[in-house]
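Please go through the model shown here. The report below takes up its fold, its domains, its chain pairing and its core.

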There are 2 protein chains.
Amino acid sequence: MDSARLVARRRSATRLAIAEAAARLFAERGVAATGAEEIAQTAGVSLRTFYRHAHLKQDAVIPLLEVGAERWQEQLGGIAPGADLRAAIADVVAHALAVDEDGPGQALTRGLVLTMLEDDDLRRVWDKVNGDSCRVLESILAVHLDGDDPLAAPLLAEAATAAIRITLERWAADGAPSGAPLGDAARETFERLSRWWS
Amino acid sequence: MDSARLVARRRSATRLAIAEAAARLFAERGVAATGAEEIAQTAGVSLRTFYRHAHLKQDAVIPLLEVGAERWQEQLGGIAPGADLRAAIADVVAHALAVDEDGPGQALTRGLVLTMLEDDDLRRVWDKVNGDSCRVLESILAVHLDGDDPLAAPLLAEAATAAIRITLERWAADGAPSGAPLGDAARETFERLSRWWS
DNA sequence: CGCCAGTGTGGCACGACGTGCCATGAAATG
DNA sequence: CATTTCATGGCACGTCGTGCCACACTGGCG
């Protein structure tokens, strides 16, 4: 029973090892100039194992972007049925980017985002991750407000993911966002995108 | 001098032939079960020529999504410097989806969007196309309103592309959008996403 | 008319990618 | 200790995507 958790930890550990090796090599030489065998060797796994965890070579970095994704799930699942959805989502957005504020992962994450925006292949991965996040969020929101407006869920999901994406892209490109914490910047962007409705 | 235009027409003709063949085969068997050689043969070109027009096998359908993209360019370029940007973009959004209203391309386009949303590989292409459109639009808008708010261009671009995307996805999935023309639906969605600022 | 760029195309070969299949080894269960 | 389960490794194989060269076509120039 407890073994399942242990196995899952080992799985995600190798996934992270592969992701970090891929991120480092991609940042150095780009995706096209990095062989899959090379990433696998750097991560200390076989080529076959590499492709078990990453369907495409470029997708190897995705686990690095999904840290904290499980936080979304529970935080969104814990919203009371009658609560103010917009305010609740604003909290989720702010909290999503407030993770490891000033932590050691800051520089690493920033370098990863920069690399993904510059490399043609990784930009496609960036678009896919954002698109998937938007679709997942929309399906979760649809449960909370089924009935009334069919556009409510898509628009709210779009506003939330766009706020996170735009904040991250500006942060990665322009350096620190004038000193304000990332979470607050994302919340402000989201509020600006969604303040017009109740 | 006129030859350049003629050559360009021949180029886009073969591009469209490849795109239509790919769209048909992808809809029938999916991307994974369709060989590149098969698409090339259906389009009447060589395998080498196919890969000259589509860097990736899945990207072969992109030209079908870019019809009318050049209309954006000139329409956006024709905006007066002092005009109301939000209203102008609303017109562009509405006009973009009003193209060949009730035309023969309606059913074809709807089938293509449906296929792209269902197939895992094509959904990545869908995300890429939308992301690229958003980035191009943002760079164009940045020229029109440089100076004041650095968030204005990203947010406006996001609202415009999201409005088009959400309208198209709902139209493809749920059938006709309760009788309203696509252009009007997209304009309404955009207004709703962007009405809060001047 | 003949020669010469420039350009789109086809054919070939080759490296890289991604997967199906089976064997191995380690950990949990009885 | 026997057995089941699961992640991994190794191998082979088909497909993808590209670099390179040759060919055909078109338009300009002496």
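## Fold of chain A

From the N terminus on, chain A runs α-α-α-α-α-α-α-α-α-α. That comes to 10 helices and zero strands. Helices (H or I, at least four residues) and strands (E, at least two) are DSSP runs, numbered from the N terminus.

The model is predicted: local features need pLDDT of at least 70, side-chain atom pairs count only at pLDDT 80 or more, and totals for chains, interfaces and linings use all residues. Residues are numbered from 1 along each chain as its sequence is written, while chains are lettered from A and ligands numbered from 1 in the order in which they are written.

Chain A has 198 residues, and 34% of them count as buried. A residue is buried if 20 or more other C-beta atoms lie within 10 Å of its own, exposed if 12 or fewer, and partly exposed in between; C-beta atoms are placed from the backbone. Among contacts in chain A between residues at least 6 apart in sequence, 64% join residues at least 24 apart. Two residues are in contact if their C-beta atoms, placed from the backbone, lie within 7 Å.

Across the boundary in chain A, 13 residues of domain 1 are in contact with 11 residues of domain 2. The domain 1 side has nine nonpolar, two polar and two charged residues. Here Ala, Val, Leu, Ile, Met, Phe, Trp, Tyr, Cys and Pro count as nonpolar, Asp, Glu, Lys and Arg as charged, and the others, Gly among them, as polar.

## Annotated spans

UniProt (unreviewed entry) lists "domain: HTH tetR-type" at residues 12-72 of chain A. This span is 67% helix and 0% strand, with its end C-alpha atoms 18 Å apart. The unreviewed entry in UniProt also places a "DNA-binding region" at residues 35-54 of chain A. Residues 35-54 of chain A are 75% helix and 0% strand, and the end C-alpha atoms are 13 Å apart. UniProt positions are given in the numbering used here, feature names are shortened, and annotations may be inferred rather than shown by experiment.

## The chain pair

Chain B can be laid on chain A with an RMSD of 0.0 Å, by a turn of 180 degrees and a shift of 0.0 Å along the axis. The two copies are thus related as by a two-fold rotation axis. Superposition is by least squares on the C-alpha atoms of residues with pLDDT of at least 70 in both.

At the interface, 15 residues of chain B are in contact with 15 residues of chain A. On chain B, α8 (120-144), α9 (152-174) and α10 (182-194) each supply at least two residues. α9(B) gives the most, with five residues. The chain B side divides into seven nonpolar, two polar and six charged residues.

Arg124(A) is found in helix α8 (residues 120-144) of chain A. With 22 C-beta neighbours inside 10 Å, Arg124(A) counts as buried. Arg124(A) touches Arg124(B) and Lys128(B), not counting residues up to four places away in sequence.

## Nonpolar core

A nonpolar core is a set of buried Ala, Val, Leu, Ile, Met, Phe, Trp, Tyr and Cys residues joined through C-beta atoms within 7 Å. The largest has 100 residues; those with the most contacts inside it are Val93, Ala160 and Ala163, in chains A and B. Leaving aside its neighbours within four places in sequence, Val93(A) is in contact with Ala160(A), Ala163(A), Ile164(A), Ala186(A), Arg187(A) and Phe190(A).
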